[in-house]
Amino acid sequence: MSGVVVVGAGPGIGQAVARRFAREGLPIALIARSEEKLRGAADGVASSGVPVVTLAADATDEGALRAALDQAVAEFGVPDAVVYNAALVRADTPGELSAQAQSDAWAINVVGALTAAGHLAPEMARRGSGSILITGGMPEPKPRYVSLSLGKAGVRTLVRLLHQQYGAAGVHAASVTVAGPVASGTDFDPDDIAEHYWRLHTQPRHRWEHEILHTGRAAPSGILTGLLDDWQRAFDQHRSADLGALFSPDALFQGVSPDLRQGTAEIVGYYSDVPTGTTAKVEVLGETRLSERLVSGFAEVTFTSPTGEHRPVRLSVVAENHEETWLIRQYHAADRSG
């Protein structure tokens, strides 16, 4: 294993991520501006016994950052993961900061991440594997935090660009969006947040996610339960139009037949063909918050035909918030009767 490079290894998320990866036995390269922060970060992973190197560099100094990354590669090889956690967090309203101050904020919030990714992603791609994980924030822009809102919007775009450029070669680009102030012992405990980085790094390619939202709350229980309760009632009463209204206009749908359908008209047509008297019993197994607008989960559904024959299926659902109304965006039923 070549290890992980953490850029912005100060107290909080950076050090928590270093500890989390060190627990898995990965060598750790720590980059920060302050020698004091580097010592604290190194002390935090010392008990793991993994090799550690500390490198002083300012993420906004392109030459210094590239040199530090080169030192990390010389020490451990092309990293398995790069975590960019440097950020400038301050309150500012529209027009309050000078153009130079906005540029300085952009340099640390976005350009440093671009420098790190651009320096190491090509080698990761040649190897065929690697993760580039960036700390995000501000799920929604706030006029009291203009520079940070702009920076975190830039992070989302950067992740998409990195995926377009390097994803096919096996490089997983993603961000962890933290929707609150990080502090130990709170809903935004850095050790809890660090788990997201490890999960993203270890995701199999066919299940890659590109943004994780840490809200400090458990996944919003009840969204899929409520949706599927409405679905079950409409299904049992053979109200195909009401079933279609539970789906987003461009929803992807695959029922127990292998045919893929898209859009409410095709979905309504599918349900219109279900024999009258067929019923369904639904049990939601769990749901996960993917972002402010997306929730995914699984359910067990047992369909009972008018003749009493049972057909169990495993249902995978993604729901999306449309103007404060949750609708099913993707629906896939896998037959379990065999």
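**Notes on the model**

1. Ala9 touches Gly14, Gln15, Leu30, Ile31, Ala32, Lys37 and Ala41, with residues up to four places away in sequence not counted; contact here means heavy atoms within 4.5 Å. Ala9 is placed in the loop between β1 (4-7) and α1. With a relative accessibility of 0%, Ala9 counts as buried; buried means under 20% relative accessible area, exposed over 50%, and partly exposed in between (1.4 Å probe, protein chains only). From Ala9 to Phe235 the C-alpha distance is 53 Å, and the two are 226 residues apart in sequence.

2. The model is predicted: local features need pLDDT of at least 70, side-chain atom pairs count only at pLDDT 80 or more, and totals for chains, interfaces and linings use all residues. Residues are numbered from 1 along each chain as its sequence is written, and side-chain values use heavy atoms, with hydrogens and water left out.

3. As to the chain overall, nine helices and 13 strands are present. Helices (H or I, at least four residues) and strands (E, at least two) are DSSP runs numbered from the N terminus. The C-alpha trace spans about 75 × 50 × 40 Å along its principal axes. Of the chain's 338 residues, 48% count as buried. Among contacts in the chain with a separation of 6 or more, 63% are accounted for by residues 24 or more positions apart.

4. Gln15, one of the residues that Ala9 touches, lies in helix α1. Is Gln15 buried or exposed? At 12% relative accessibility, Gln15 counts as buried. Leaving out residues up to four places away in sequence, Gln15 touches Ala9, Gly10, Lys37, Gly40 and Ala41.

5. How do α1 and α2 pack? Helix α1 (residues 13-23) and helix α2 (residues 35-45) have axes 9 Å apart, at an angle of about 30°. Axes are lines fitted to C-alpha atoms, for helices over the stretch in contact, and angles run from 0 to 180 degrees between N-to-C directions. The two helices are therefore roughly parallel to each other; angles under 35 degrees count as roughly parallel, over 145 as roughly antiparallel, 65 to 115 as roughly perpendicular and the rest as oblique. Gln15, Ala18, Arg19 and Ala22 in α1 meet Lys37, Gly40, Ala41, Gly44 and Val45 in α2. By class, this contact has four nonpolar, three polar and two charged residues. For these classes, Ala, Val, Leu, Ile, Met, Phe, Trp, Tyr, Cys and Pro count as nonpolar, Asp, Glu, Lys and Arg as charged, and the others, Gly among them, as polar.

6. Helix α1 also packs against helix α6 (residues 190-202), at an angle of about 55° and with the axes 8 Å apart. That angle makes α1 oblique to α6. The contact of α1 with α6 divides into nine nonpolar, one polar and five charged residues. Among the residues that meet are Ile13, Val17 and Phe21 in α1 and Ile193, Tyr197 and Trp198 in α6.

7. A further helix pair is α3 (residues 62-76) and α4 (residues 99-127), whose axes come within 10 Å and cross at roughly 40°. That makes α3 oblique to α4. The residues of this contact divide into five nonpolar, three polar and three charged. Leu65 and Leu69 are among the α3 residues that take part, with Ala116 and Leu120 among those of α4.

8. In soluble globular proteins, nonpolar side chains tend to be buried together. A nonpolar core is a set of buried Ala, Val, Leu, Ile, Met, Phe, Trp, Tyr and Cys residues joined through side-chain atoms within 4.5 Å. The largest such core here has 33 residues, of which Val7, Ile31, Leu69, Tyr84, Ile132 and Ile134 touch the most other members. Helix α4 supplies the largest share of this core, seven residues. A second, separate core of 31 residues includes Ile13, Leu133, Ala174 and Phe188. Ile132, with neighbours within four places in sequence set aside, is in contact with residues including Val82, Ala117, Met124 and Leu162.

9. Pro139 lies in the loop between β5 (130-137) and α5 (146-166). Pro139 is partly exposed, at a relative accessible area of 23%. Beyond neighbours within four places in sequence, Pro139 is in contact with Arg156, Thr177, Ala179, Leu213 and Glu292.
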